[in-house]
Amino acid sequence: MKVRIELSYKTPKGSQALFTSDEMNDTHAILIAEDLVKTGRVKQVMFIDRHENTWTTKEMKKFMEGIQTEPHHVKVYFDGGFDLKDKNSGLGCVIYYEQNNKSYRIRRNARVEELNTNNEAEYAALHLGLQELDLLGVHHLPVTFVGDSKVVINQLNGEWPCYEAELSLWIDRVEAKFEKLGITPEYEIVSRKLNREADQLASQALNGTEITSKIELS
């Protein structure tokens, strides 16, 4: 989970000021906050997530202890490709997560025939990632979804309207899956270069190469 630190600092002569940090990983935030507390000049520390929920250090630690045995710090890269010539689509997703103090990566792709546009393929790739999260047992957690499709991400986060009936159906499917799993989505738009793993998987699917893998990362 991404949070920012908000703290009250007091000098030996009694001057006080409120400081807010940049957003960072929850584990990193706790380490920094605890180090600052050791100075003896920090009077109050709060952690604030992307939805403006506030957490004390004790609450944050308890939450993190509770999720250690479950998949957490989940990030899903997705990409879809569409071949105009044969009307086939290639879907690719890469999932990074932590569990029991270890890091893992899942790679999955699929070739489908019933889609009509590249944007549909992008939505279908994200949905493929959600299906993998369901199988993995990810639930009631924030999950970051990373893609190079501005259409998909901006429509899902409400920045852009959706006028196409087919894409509206995909939005409904995705949001229904979010609700079922209790996932709070967070989105990142990246360049295709930074999404190359998912892009390669989508291309391999279009070429008829199916990939399903899971590895532990060093």
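This is a predicted model: local features need pLDDT of at least 70, side-chain atom pairs count only at pLDDT 80 or more; totals for chains, interfaces and linings use all residues.
Q: How many bridges join β7 to β8?
A: There are 11 bridges, and β7 and β8 run antiparallel. Strands here are DSSP runs of E with at least two residues, helices are runs of H or I with at least four, and both are numbered from the N terminus. Two strands pair if DSSP finds at least two bridges between them.

Q: What is the order of the 6 strands in the open sheet?
A: Reading across, you get β10-β9-β6-β7-β8-β11, with mixed pairing. The edge strands, which each pair on one side only, are β10 and β11 (212–217). From one strand to the next, the twist averages 20 degrees.

Q: Which strands does the sheet join in a parallel way, and by how many bridges?
A: Take β9 and β10: they run parallel, joined by 6 bridges. In that pair, Gly147 stands opposite Ile189 in β10. By contrast, β8 and β11 run antiparallel, again with 6 bridges, and there Tyr104 faces Glu216 in β11.

Q: Where is Asn100?
A: Look in the loop between β7 and β8. As background, most residues other than glycine have a negative phi. Asn100 is not a glycine, yet its phi is positive, about 50 degrees. The hairpin of β7 and β8 has 2 residues between the strands.

Q: How many residues lie between β1 and β2 in their hairpin?
A: There are 5, and Gly14 in that turn has a positive phi of about 100 degrees. The strands, β1 (residues 2–10) and β2 (residues 16–20), pair in the antiparallel sense over 5 bridges.

Q: At what angle do helix α1 and helix α2 pack?
A: The general idea is that two packed helices are described by the angle between their axes and the distance between the axes. Helix α1 (residues 26–37) and helix α2 (residues 57–67) pack at about 145 degrees, with axes 11 Å apart. Axes are lines fitted to C-alpha atoms, for helices over the stretch in contact, and angles run from 0 to 180 degrees between N-to-C directions.

Q: Which residues of α1 and α2 make the contact?
A: From α1 come Asp26, Thr27, Ile30 and Glu34, and from α2 come Thr57, Met60, Lys61 and Met64. Contact means heavy atoms within 4.5 Å. By class, these residues divide into 3 nonpolar, 2 polar and 3 charged. Ala, Val, Leu, Ile, Met, Phe, Trp, Tyr, Cys and Pro count as nonpolar, Asp, Glu, Lys and Arg as charged, and the others, Gly among them, as polar.

Q: Which residues lie nearest the centre of the largest pocket?
A: Lys2, Asn25, His73, Val74 and Lys75 do, out of 17 lining residues. On a 1 Å grid over the protein atoms alone, a pocket is an open set of points with protein on both sides within 12 Å along at least five of seven lines, a cavity is a set where a 1.4 Å probe fits but cannot get out, and lining residues have an atom within 4 Å of a point. The pocket's lining has 8 nonpolar, 4 polar and 5 charged residues. At least two lining residues come from each of β6 (72–83), β7 (88–99), β8 (102–112), β9 (142–147) and β10 (184–189).

Q: Which residues line the largest cavity?
A: They are Met1, Phe63, Ile67, His72, His73, Leu141 and Pro142. Of the elements, α2 and β6 give two or more residues to this lining. The lining divides into 5 nonpolar, 2 polar and no charged.

Terms used: Residues are numbered from 1 along each chain as its sequence is written. Side-chain values use heavy atoms; hydrogens and water are left out.
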